[in-house]
Amino acid sequence: MKVASAVVVLLVSLLAWAGKPALAAEVAPGMPTDPRLLATAQLEEAQAHHIGTLGYLYGFPMVDLLQNMYLETRRIDGSRFVQVPINHFHRSAQLVTPATSAGLRAPNSDTLYLRGWFDLKDEPVVIRAPDTAGRYYTLAITDFRSEVQHVGRRNTGTSQRDFVLVGPAFAGELPAELTAVHVPTHQAWILGRVLVSGPQDLAAASAELEGFEAVPLSQWRQGVRRTPAADELPTGEPWRPTETLEFFATLNWWLRDNPRAAAEEALLAQFDAVGFGPGVIFDAGKLSEATVRGLRRAIDDARAMLRAASRRPLTDVRNGWMFPLALGRYGHDYLMRATVAFGGYANLPEETVYAALTGDAQGRPLTGDRDHVLRFPAGSRPPAGAFWSLSAYRNADFSFMENPAGRYSVGDHFPDFRTAADGSFTIRISQRPPQDPLENWLPVGEGPFYLIMRIYEPGPEVLDGRYAPPAIE
């Protein structure tokens, strides 16, 4: 009797609701004029819009990583600097400049980069790290949910070591001499970094970089220890799905192809309801016009949210420096996960802390039209177990700023870094070199910019809030 009463109440409510447009959404051209059909279309559009917005934020890292994997493992109209077959490494023999950033967002200019895309569905891949004799290196192993693991100087040392990336489909035994790194998705991205201590050190660092190898487990078992010869790269067309309905088709494929994460069943069921969850096959042609409109609106609104989220103030601010410490482990914080991916991927905080400064003490944006100075008193050097550096980036596109000196970072790992006898030092951020020969110079170009201080292997006082860089003058 209670069920029947509830159904009657629901039907009466729906009939009353259907008599007028009940949602605030505008009536789009081509929508039905019948009040009941109009209410249904408005409901479908609103549902697709709200669930689609959440789905976009949830799935942005997966689709963004798939896009980058596609673009960097194919020959596409010569527009990409990094082109490497899947399960191989691309080694950058030069430090990053504005002309060679190759799609990296806010890169550093202190290390040589090692990049590789790995498909672990068929078998694991062995990663050989050479003996770097104490030289700093790290391999950031990112799964396609954007969760990060590290191997390298901080946690596994610098002696020669063989690791093995193990995907969720593997069920066999692993050789005892391999150190397993379990990856919960079928795809993984490695971004490695090898320290370069100034121009005179570039050749030695580049030689160390050549020692990193990637070998499928089956070939490693046969005694292969060097990266096998690469096949010819497949050709492809430019592909950028993040701003069209192709986003939901791509996310749908990925969700159907990969194991589900824990405690996400209810969320994924909502995605199913509007056509892109793992329980259905996305086909925009079979969706209602209202659902398609809602999903298109969702893309625009979600991207607007990401732009806004990337500019919102953080709670951990020290002398104007923002310390984003919740990186690399996101759990169910999908907005944070997507926001970090939108601006560039990051190491775990215990590996690297990225402190950002966007304005001066008066709240004015940093700009090349003015000189800025950072004065570090004695005892205020950034606590870094490895090294630290400071870089400037254009606000508009997260890229280095062109400058005549061709210098894109400053830090105490460079031999010409100037420090006073008491340990204090000064960094001038300006278009022109400083007149004081004791000042360290970080050149910038014209227009607005922001600063990132990287602290590699940060000390505990960085992670617990006790350390604060000086305010900018």
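Which residues are linked in a network of salt bridges? In this predicted model, the network is made up of Asp371, Arg428, Arg432 and Glu439, and the count of salt bridges comes to 21.

**Nonpolar cores**
- The largest nonpolar core has 51 residues, of which Tyr58, Phe144, Phe248, Phe271 and Phe276 touch the most other members.
- Several elements each supply at least two residues of this core, among them helix H6 (246–257), helix H7 (265–273) and strand E17 (449–458), while helix H2 gives the most, with 11 residues.
- Leaving aside residues up to four places away in sequence, Tyr58 touches Leu255, Glu264, Leu267, Leu268, Phe271, Tyr334 and Arg337.
- A second, separate core of 26 residues includes Ala355, Leu357, Val410 and Tyr467.

- Lys121 counts as partly exposed because its relative accessibility is 38%, whereas Asp257, at 17%, counts as buried.
- Glu243 and Arg303 also form a salt bridge, their closest N and O atoms being 3.5 Å apart; since Glu243 lies in the loop between helix H5 (217–221) and H6 and Arg303 in helix H8, the pair ties together parts that are 60 residues apart in sequence.
- Glu243 counts as exposed at 54% relative accessibility, while Arg303 counts as buried at 14%.

Technical notes
Residues numbered from 1 in each chain as written. Predicted model: local features only at pLDDT ≥ 70, side-chain atom pairs only at ≥ 80, totals over all residues. Heavy atoms only, no water. Core = buried A, V, L, I, M, F, W, Y, C linked by side-chain atoms within 4.5 Å. Buried < 20%, exposed > 50% of the residue type's maximum accessible area, 1.4 Å probe, protein only. Helix = DSSP H or I, 4+ residues; strand = E, 2+ residues; numbered from the N terminus. Contact = heavy atoms within 4.5 Å. Salt bridge = Lys/Arg side-chain N within 4 Å of Asp/Glu carboxyl O.
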